[in-house]
Amino acid sequence: MPGAGKSTVAPLVAAHHERAAQISGDVLSYMVVQGRVGFQGRPAEESRRQLRLCARNMCTLANNFAENGIFPVIEYTVADRELLDLMVAMLRPGPVMFVVLAPPVEVCRERNATRAAVARVDYDVAPFYRAMEEELAGVGWWLDSAALTAEQTAAAIVAGARDEAVV
């Protein structure tokens, strides 16, 4: 969810490992400098195609890092079961841990509102949040990080993901 803390927490999770890499889906998606169609962009089929391309690129990087002894931390919004299933299939046979930072939607809205204008999302996150809950409820680990600092959230993920988040 935008404003949940992904881009803040992911590098902190990576820092808990001796060798780790943070893979940002946003960074990869913005590598398309001409013809980029973002999330919820038009035409919708091109937006979806580029989303799948981004997922393939994230998973390829993650697999390359893992095969070379570097723990990959993918940071991206996985909004539906189709995308999650695609990514899990590409990341197998390795263990896949799916952590959803899930503070209440009000917290996401507040955090988004305090971001610099260039980093702020310009749509209401509530419908997206509800759709994600409906689509992915019960899958992986939904961690309410509202009362935790970023450092506490990262420590909780490192301590609990192998038990709570394996899909």
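Predicted model: local features only at pLDDT ≥ 70, side-chain atom pairs only at ≥ 80, totals over all residues.
**Entry 1**

**Entry 2: helix 3 and helix 4**

I turned next to helix 3 and helix 4, which pack at an angle of about 30° with their axes 9 Å apart. An angle under 35 degrees counts as roughly parallel, and helix 3 and helix 4 are therefore roughly parallel to each other. Here too I wrote down a right-handed crossing, of helix 3 past helix 4. From helix 3 the contact takes in Arg-48, Leu-51, Arg-52, Ala-55, Arg-56, Met-58, Cys-59, Ala-62 and Asn-63, while helix 4 brings Glu-82, Leu-83, Leu-86, Met-87, Met-90 and Leu-91. In this contact of helix 3 with helix 4 I have ten nonpolar, one polar and four charged residues by class.

**Entry 3: helix 5 and helix 6**

For helix 5, residues 105–114, and helix 6 I found a packing angle of about 140° and axes 10 Å apart. As only angles over 145 count as roughly antiparallel, helix 5 and helix 6 are oblique to each other. Helix 5 passes helix 6 in a right-handed crossing. The residues that meet are Val-105, Cys-108 and Arg-109 of helix 5 with Val-125, Ala-126 and Tyr-129 of helix 6. The classes in the contact of helix 5 with helix 6 come to five nonpolar, no polar and one charged residues.

**Entry 4: the largest pocket**

I then looked for open space in the model, and the largest pocket has a volume of about 1,200 Å³. Its lining is made by 47 residues, and those closest to the centre are Asp-26, Phe-39, Tyr-76, Thr-77 and Tyr-123. Which helix gives the most to the lining of the largest pocket? I found that helix 3 does, with eight residues. At least two lining residues come from each of helix 1 (6–15), helix 2 (25–29), helix 3 (44–67) and helix 6 (125–136). The lining of the largest pocket divides into 23 nonpolar, 13 polar and eleven charged residues.

**Entry 5: the second largest pocket**

The second largest pocket has a volume of about 990 Å³. Of the 37 residues that line the second largest pocket, I noted Pro-72, Val-73, Ile-74, Met-97 and Phe-98 as lying nearest its centre. Strand 2 supplies the largest share of this lining, five residues. Helix 1, helix 3, strand 2 (71–75), helix 4 (81–91), strand 3 (99–101) and helix 7 (150–164) each supply at least two residues of the lining of the second largest pocket. By class I recorded 29 nonpolar, four polar and four charged residues in the lining of the second largest pocket.

**Entry 6: cis peptide bonds**

Last, I looked up peptide bonds, bearing in mind that most peptide bonds are trans. A cis peptide bond joins Arg-42 and Pro-43, with omega about 0°, and Pro-43 sits in the loop between helix 2 and helix 3. A cis peptide bond also joins Arg-92 and Pro-93, where omega is about 15°. Where is Pro-93 found? I located Pro-93 in the loop between helix 4 and strand 3.

Key: Residues numbered from 1 in each chain as written. Heavy atoms only, no water. 1 Å grid on protein atoms, 1.4 Å probe; cavity = no way out; pocket = protein on both sides within 12 Å on 5 of 7 lines; lining within 4 Å. Points joined across faces, edges and corners; volume = space filled by probe spheres on them. Helix = DSSP H or I, 4+ residues; strand = E, 2+ residues; numbered from the N terminus. Nonpolar A, V, L, I, M, F, W, Y, C, P; charged D, E, K, R; others polar. Axes fitted to C-alpha atoms, helices over the stretch in contact; angles between N-to-C directions. Parallel < 35°, antiparallel > 145°, perpendicular 65-115°, else oblique. Left-handed = near helix turned anticlockwise from the far one by under 90°. Contact = heavy atoms within 4.5 Å.
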